[in-house]
Amino acid sequence: MPKSLSDLKIKNIKTLGNHRVAPKLYLHVKPRQKLWYLREQLDGKRKWIYLGSYPAMSPTEAKKKATELLSSDIAPEAALREAKQKKATSAIKESLKNITFAELADEYLERIKQPVWKSGGKSEQSWMNSLNRYILPVIANKEIEDITPDDLVGMLSPIWITKHETANRTRGRVESIIDFAIAKGISDKRNPAKYQNLLQNLLPQVKREVQHHAALPFDHLPGFISELWEKKEGSYDALKLISLTQVRSADAREALWTQFDLQSGVWTAPIRKLGGQEQRLPLPKNLLWMLQERRENTQDDRLFPGAGRNTFITSNALDKSLDVFSRKDHLGKRVTIHGFRSTFIDWATATGSGSREDADRQLGHREKNQTLAAYMRTDLFDRRAKLIQLYEDFALSEMASSSH
């Protein structure tokens with residue numbers, strides 16, 4: 001086997017062509033340049049793999065590179081490609097490290113939030129208030145890698161007790177922006193804005209008071225439904241679906257026709273609160289007729305399309321439609337959409353029309369007793385179907401009496 005060429009001989013090579021320098025390592029001499037190649041036999045064919053140019057890559061470096069590639073568990077060409085990709089990724093990541101939180105926040109809002117925001121809407125205004133009042137004064141000019149949990153503590157401590165909801169919303173927005181940075185490869189460290197197992201150990205525990213959603217008294221339901229049923233727009237139809245099936249706003253707004261069996265009167269709804277777990281919901285007859293009529297006039301799978309393509313009707317639109325009726329609870333507070341769930345429970349228990357177990361199952365509440373939950377194999381659908389029909393009959397009773 002020919003001996004490897006010395007560095008001096010390599011320097012003095014003038015003859016054009018390939019010159020073996022070490023096992024499988026060759027120097028290809030051209031009129032004006034010298035190039036390093038690794039020669040491999042792949043699938044019975046000779047393969048020349050470019051390593052670099054001489055003298056930018058010295059003989060020692062070329063031999064070292066050749067040895068590394070030949071001893072690798074993967075093919076030399078694949079190893080080179082992987083190394084090149086890592087180098088490019090590292091260079092991009094290094095170039096992005098200088099970006100400040102304020103710059104990243106602008107990009108996050110432009111790419112992620114603004115496409116789904118209604119111009120000048122409450123969501124955009126709320127985000128800008130959080131950024132300008134609490135977040136940017138503390139970390140605007142900091143690079144992502146330099147932001148620490150202490151920065152978050154300094155930002156949140158003044159309002160953590162007195163304005164806890166605002167503080168937690170602010171923390172979540174910082175977390176989202178830094179998660180965006182991590183996804184882009186700008187940072188790979190743990191997100192300093194995470195609460196679980198991090199900030200919860202640095203901020204005082206806040207005991208939250210249970211906030212009850214203002215609910216329509218059940219004896220006012222027939223009058224409300226009588227007014228509601230006369231209105232045919234999408235937002236009002238969504239309120240009908242919510243008030244008579246007890247689903248949460250998001251589950252109704254994002255409903256698809258593919259989830260409905262209008263022949264059998266069953267809605268198989270993925271419940272967001274349950275992580276997308278499906279729940280079979282019975283549809284009472286008048287609501288079912290309304291849905292069948294609506295189905296004939298829709299263009300795609302969305303029950304309640306939004307203004308934009310592939311969007312759904314907004315929660316704000318439903319709130320505005322509910323406000324039209326100016327209904328209040330027993331304390332004089334404007335009723336909420338979520339409160340219709342309480343209206344149903346109050347009716348079922350106060351009138352004895354159904355058991356608490358049936359009502360809870362209709363609301364999608366999980367059984368807290370783990371032993372009982374393990375043995376419960378039925379969703380009580382038939383019992384719930386009867387209960388829901390009784391509820392609709394009660395809700396439409398004022399309409400029924402006025403028609404006679």
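Predicted model: local features only at pLDDT ≥ 70, side-chain atom pairs only at ≥ 80, totals over all residues.
Helices (H or I, at least four residues) and strands (E, at least two) are DSSP runs, numbered from the N terminus. Two strands pair if DSSP finds at least two bridges between them.

Strand 6 (residues 266–271) pairs with strand 7 in the antiparallel sense over 6 bridges. Val266 stands opposite Pro282 in strand 7. Strands of a sheet pair through backbone hydrogen bonds, either parallel or antiparallel.

## Helix 16

Buried residues in helix 16 include Phe381, Arg384, Leu387, Ile388 and Tyr391. Buried means under 20% relative accessible area, exposed over 50%, and partly exposed in between (1.4 Å probe, protein chains only).

## Glu392

Glu392 lies in helix 16 (residues 381–395). Glu392 is buried yet has no salt bridge, and the nearest side chain of opposite charge, Lys285, is 6.3 Å away. A salt bridge is a side-chain nitrogen of Lys or Arg within 4 Å of a carboxyl oxygen of Asp or Glu. For charge, Lys and Arg count as positive and Asp and Glu as negative, while His and the chain ends are not counted.

Leaving aside neighbours within four places in sequence, Glu392 is in contact (heavy atoms within 4.5 Å) with Leu244, Pro284, Lys285, Asn286 and Leu287.

## Backbone exceptions

Most residues other than glycine have a negative phi, and most peptide bonds are trans. Lys24, in the loop between strand 1 (17–22) and strand 2 (25–29), has a positive phi near 70°. Asn197 has a positive phi of about 60° and is exposed, with a relative accessible area of 53%.

The peptide bond from Tyr54 to Pro55 is cis, with omega near 10°. Pro55 is in the loop between strand 4 (45–54) and helix 2 (59–71).

## Basis of the values

Residues are numbered from 1 along each chain as its sequence is written, and side-chain values use heavy atoms, leaving out hydrogens and water. Local features need pLDDT of at least 70 and side-chain atom pairs count only at pLDDT 80 or more, whereas totals for chains, interfaces and linings use all residues.
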